[in-house]
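Student: I would like to learn how to read a structure one feature at a time. Can we go through this one together?

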Amino acid sequence: MSEIMRPLTFAQLMEQMLGEYNKQKSIFGIREEKFYRNLSDNRIRLFGEEIDSPIGPAAGPNSQLTQNIVAAYLAGSRFIELKTVQTMDGEELRNCVPRPCINAEDECYNVEWSTELTVQQAFDEYVKAWIILHVLGKEYNLGDHVLFNMSVGYSYDGIKSKKIDDYIEGLKDAKNTPIWQECMTWLKENSPRFTNFTIADIDDISSKVSTSITLSTLHGCPADEIEKIADYLLTEKKIHTYIKCNPTLLGYEKARSIMDEMGYGYVSFDDHHFLEDLQFVDAVAMIKRLRTTAADLKLAFGVKITNTFPVDIKREELPGEEMYMSGRSLFPLSVNVAYQLSKEFDGDLPISYSGGIDRFNISDVLRTGIRPVTMATTILKPGGYERMKQLAQIAEHQIDTNINIIDVTYLEQLALGIDSISRHKKGYRAVSGRKTDIPLDLTDCAMAPCKDSGCPIHQQIPAYLEQVSQKNYAKAFEIIANDNVLPSVTGTICDHQCQNKCTRLDYEDPLQIRNAKKASSLLAQKKYIDEILVSDLKSDAKVVIIGAGPAGLAAATYLRRNGVDVTVKETRNKALGIVSHVIPAFRISDAEVELDAKLAAAVGVTIEYGASADYDVKELKKQYDYVIIATGAWKQGRSSLQVDGKRVIDALDFLEASKKSNLTLELGTRVGIIGGGDVAMDCARAAARNKNVEEATIVYRRTKEFMPAQQEEIELAEEDGVLFKELLSPKAIHGDSLVCNQMLLGNYDASGRRGIVATEDTIVLQFDTVISAVGATVDTAAFAQNNIKLDDRGHVVVNYACETSIADVYVAGDCKAGPKTVVKAMADAKMIANNILVKLGLSNDFKVYEMEGCRAELVEKKGVLTAKEDSVTAAASDASRCLSCSKVCEICTDVCPNRANVTIDLGQEFATDAAHHLSQQYQVIHIDAMCNECGNCGIFCPSKGNPYQDKLTLFASEEDMIDSENKGFLPLGEDNFKVRLDGQSIIDYKLGSNLIPAEIESIIAKVVTDYAYLTR
C-alpha cells in the first residue's frame, strides 16, 4: 500500500548518500552549504556526554526513519529524540492511523503517536542512523558529538515486555546485534570510497547508541503507573530518565484561559483529560521521590515539556474525532508548565523542552537555562530540515556550560508575559492556508502563487521584487506598469491578496509586496510618466467607456497605449470613482490618486467629465464599435433594520460627505457602525476623526475573528480607538436606541466560518448616529433599459471576457456583480482590453520579464527565517526576502519528513529542447517506498493538489505499484519499466519506444542515468 514505508538497507542508504553527494552536493535533499558545523567549539554536557548543539527533532515524524535523522543532523541537530515505540507496532498500529495524519498549516495537528514501523524495524533504523552520523561527521568534518534519546510508552507491562526490553537493551549496546554487524561489514568493505573516514574510525564508533530515555505516557495514565515505569527504568534498566509532562498539568481553567487570551478560542476541548491525567500536586511529589532515586544511582532525572495537547476535531482538520495540537499555539501552554514546575523546584529541575519552538523564541527559552530544545512543527513547514541550521547557529552562541539551574525569574517573565508575544497569537497570521485553485501538474509545477493566484492581474511580482531588492526602482516600476495601470492606488490601498499567497507566510511573515509597489511608485512613477510617448492609432475602431472609475480608467489606459481610440464619459468631476470620492484621505491622498490619473492621461486617455448618467447602448453603437460599461456600485445596501424616527446614514453617503467636509460632520458623540467589512472599518475610523465624536463602535453579528475585513484594517481601527461589539445583530432603531439580538456562534461551515444562532436576549445600545455598512449594490435599471441580460441574482450575464449578451458590449468592475476591489476591477479591464485587441487583430504590449538571480542565490534563502520590514522606506530590504517560487519552489521536498519527494535536475538541454515539452529544468518526483501518506506536502503545496498523490511516482515493487493509483514507473533493469500514466493501466515500456509522452520519458531517462541511486 502507498502508506507503507519500506526502510532502506544500510547499503542502500550509503549508496544513495554517496551518489547524491557526488552528483548534487547534497544528502537527502540537504545541500552542502546548509550543513552545520560548530565553529565555536562551545558544547554542552548531557547525560555524561558532550554534544555540539542542544537542539534537534522532537520524537515524531522527523525522527522515524534513518534518512529523517540524517537530514536533521546535517542541518544542525545534535540531540535526537527517537520516535516513540510501544508494543503495538507495524501493521496493527498503521491500521489505527487515519490518512492524512498531519496538518501543520498553522498551529500543527496530528493523529499519529508512535512509530508505524515494527519495533525491530525502528531499532534497525536508529542503529543505522547512529552509525551513519558518525561516518558523515568524520567524512565531512561535521563533528560527531551527538546524542540519541529513546522514547518509549505507554504502559508498565508494555515497557517490561520482551519486545521493548530488547529494544532498550539493544540501544544501550548494539554491538552484538545483526544490524550492527551488517553496517560494520559494509563500512569495512567500502572504506576506500571515503576520503576522511578511515578503517580506524570504524572501530571508534561507540556501540552505546543511547543511554537515556524519555517516558511517554498516554493521557489518562495513572500517577502510580507513571512512577512505577520511571522507577523501573532507573533501578532496573539503569538509564537516565525523563518523564514527558502533559499540558493538562495546568488545569482546565488555566489552559482554556490561555488559549482564549491568545486567540485560539475556536480550539475545542473539555475537562476530561485534565481530570484523568496526572495532577500537578501528584506530579511534584512523584518527581521529588524519583529525583532521590536517580541521585542515589548517579543517574540523571528530569522532565520533558511538553507532550502534544489533545483537542477535538471540529473543522475537519484531520479525519477522526480527536487530534493532538502542537506548534505556536502550544508554546504558551508549554512555557507555563515549565514555569510552574521550575518555580516549585526553585529552578533545580532539569527540563528538556518542546512546544512551539522556532527561530523567534529559541533564544528566550535557552536563556532560561532550559536544554535541550527539540521541535517538530517548524521543520514540517517550508524550508523543512534546513531551518535547523539557523536554529543551531543561534543556540551555539547561547551555550553556557556553567548553567546548571533554570532562571525562574526570566522564565516567569516569559510565561506571564506570553500575551505580549504577538507571533504566538492566532491573529498574527491573518489568513490560514495558501492553497490555490490551480491544478497540480505532473510536470512543470513550480509557480509563484503571489502572481499566479493571489494577483487578479497576474503582476510579475517576483521579477519586480528582485529589482526593488536591488533598489532599481525605475526597472521595478516598468515591470509593475506593464500589467498594472493604477500602481499608485494599488500601492496604497490594494487588498494585496498576493501577500496572502506568499510562501513566506509559512516561514514567518509574508513579503510586504504592496510596500514594494508603493516605493517604486513614489520613486519612479513621475519620471516614467514624463517619458511616455503616446502610441499612434493602429485601428479605425473606436471604444467608448461609461465611467472613469478604476475599471473604466484601466480599460482606457490598456487600450489607448496599444493604439486604440478611446473616449471615456464620466458623470463626476474627477476620475477613479470611489477611490477619489469615498475612500478617506487618511488612507489615500488626492495626490496619490491623481498620479494614476496622470499616467492614463500620459498614454493619451481623454475623459469627458459631466457626462449624463443616462446612456443608450444602441445610440452609442452607432458611433463606437465597442462599449464598456464601468459605472460602479453606488446603490445603498439592503438592510432589514427597522427604523423608527431615526435616520440611518448609508456608508458610501457618509464617507463621501465626511471627505467633502474634511471630517467636520455633526454626528454627535456616539456613532455606531453596522457591519464588519473593510468599508465598515473605513466608516468607523472616519467617524472617530469627525469633530465631537467620542466613541465609534462597530456592531457585528459574529466575533472579530470572523469579520470579512482584512486583519490589518481591523488592527488599524483598533489603533484608532474604535470599539467592537461582537455577537450582536441589529434589528431596529427607536430614537437613539439600537436594538440588537444577542447571538451565539454555531458550527463551522464549509468556508471555515462559524454560523450564528439567534437567542431571545436583546441588548440596547445608545448612539447619536448610526452608519449602515452592510454592502453597496448595483443599480441595474440602466442594464434593463438597454436590454442587457441579467441572471436571477440581478447580475449581468457575461462570458469569460466580460462581454454581455449584446455583442461588443462589456461590463467591468463593481457594476458587473457588486463591490469588489480595485485590482479586480483592473483585472476585468485587462481581460476586456485583450479581447478587443484580439478582435481587432492587434497584438498587446504585455511583456514577460525574466528574473536575473541564479539558482544558488535563491536556494540559499530556503530555510532561513527573517522578519518582515513594514515600512515603505525598508521596501528593498524586505523584498530581498523573496523566495522566487516561480524559479525555485520544491516546497513538497522541503516539508516531507521522510524525503519522499525529490527534485530532479534535467539539465539545461531538456529545459530548452521543445521536443521534450518541458519549460522547467527542475522537476519533482515522488518516492513511494518512503511515503506514509502523512499529507504534509499536500498542506503546503500552493496548488490544489497533493504531491504524494499527483506527482510522477517511482515505485520499488510491482506490488506497491498495483496497490497505488499514482501515475508512475517501476524500473525493471536494462531500460525496461512498468509505467502507468492514466491511473489504471500498467504497461511494459522500454526507453525510446515512444509509447509515452516525451516529457515523461525525459524524466524517467534522467532518473535511471543520473539518479540511479533512487531506484534501489
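Student: Which residue in β20 is the bridge partner of valine 544?

Tutor: Keep in mind that this is a predicted model. In general, the strands of a sheet pair through backbone hydrogen bonds, either parallel or antiparallel. Here the bridge partner of valine 544 is valine 627 in β20. Strand β17 (residues 542-546) and strand β20 (residues 626-629) pair over four bridges, in the parallel sense.

Student: What is the order of the strands in the open sheet of five strands?

Tutor: The order is β19-β18-β17-β20-β30, and the pairing is parallel. β19 (606-609) and β30 (809-811) are the edge strands; each has a single partner, so one side of each is left without a neighbour in the sheet. On average, neighbouring strands of this sheet are turned by 20 degrees against each other, direction ignored.

Student: Which helix lies across β20 and β30?

Tutor: That is helix α32 (residues 822-839), which runs at about 165 degrees to β30.

Student: What does an antiparallel sheet look like here, such as the open one made of four strands?

Tutor: Its strands come in the order β7-β8-β14-β13, with antiparallel pairing. The edges are β7 and β13, and each has a single partner strand, so one side of each is left without a neighbour in the sheet. Isoleucine 102 stands opposite asparagine 110 in β8.

Student: How many residues lie between the strands in the hairpin of β26 and β27?

Tutor: There are two residues between the strands, and glycine 735 in this hairpin takes a positive phi near 65 degrees. Strand β26 (residues 728-734) pairs with strand β27 (residues 737-748) in the antiparallel sense, over six bridges. Alanine 732 has valine 739 of β27 as its bridge partner. β27 is also joined to strand β28 (residues 754-766) by nine bridges, and these two run antiparallel. There, leucine 745 has isoleucine 756 in β28 as its bridge partner.

Student: In which sense does β34 pair with β33, parallel or antiparallel?

Tutor: Strand β33 (residues 953-954) and strand β34 (residues 968-973) pair in the parallel sense, over two bridges. β34 and strand β35 (residues 976-980), by contrast, run antiparallel and are joined by five bridges.

Student: Which residue in the turn of the β34 and β35 hairpin has a positive phi?

Tutor: The general idea is that most residues other than glycine have a negative phi, and most peptide bonds are trans. In this turn, glutamate 974 has a positive phi of about 55 degrees, and the hairpin has two residues between its strands. Another case is glutamate 316, with phi near 60 degrees. Glutamate 316 is found in the loop between β13 (309-312) and β14 (322-326).

Student: Which residues does the cis peptide bond with omega of about -5 degrees join?

Tutor: It joins arginine 99 and proline 100. Proline 100 is placed in the loop between α3 (90-94) and β7 (102-103). The peptide bond from arginine 371 to proline 372 is also cis, with omega near 0 degrees. Proline 372 is in the loop between α14 (362-367) and β16 (373-375).

Student: At what angle do the axes of α1 and α4 cross?

Tutor: Two packed helices are described by the angle between their axes and the distance between the axes. For helix α1 (residues 10-24) and helix α4 (residues 119-139), the axes cross at roughly 35 degrees and come within 11 Å. The crossing of α1 and α4 is right-handed. Phe10, Leu13, Met14 and Met17 in α1 meet Lys128, Ile131, Ile132, Val135 and Leu136 in α4. The residues of this contact divide into eight nonpolar, no polar and one charged.

Student: How many cavities of 30 Å³ or more are there?

Tutor: The count is 11. The largest cavity has a volume of about 90 Å³. Its lining has 15 residues, and Cys450, Cys502, Thr503, Leu511 and Cys885 lie nearest its centre. The elements giving two or more residues to this lining are α17 (449-454) and α18 (461-469), and α18 gives the most, with three residues. By type, the lining of the largest cavity divides into 12 nonpolar, one polar and two charged residues.

Notes. Residues numbered from 1 in each chain as written. Predicted model: local features only at pLDDT ≥ 70, side-chain atom pairs only at ≥ 80, totals over all residues. Heavy atoms only, no water. Pairing = 2+ DSSP bridges. Axes fitted to C-alpha atoms, helices over the stretch in contact; angles between N-to-C directions. Contact = heavy atoms within 4.5 Å. 1 Å grid on protein atoms, 1.4 Å probe; cavity = no way out; pocket = protein on both sides within 12 Å on 5 of 7 lines; lining within 4 Å. Points joined across faces, edges and corners; volume = space filled by probe spheres on them. Nonpolar A, V, L, I, M, F, W, Y, C, P; charged D, E, K, R; others polar. Left-handed = near helix turned anticlockwise from the far one by under 90°.
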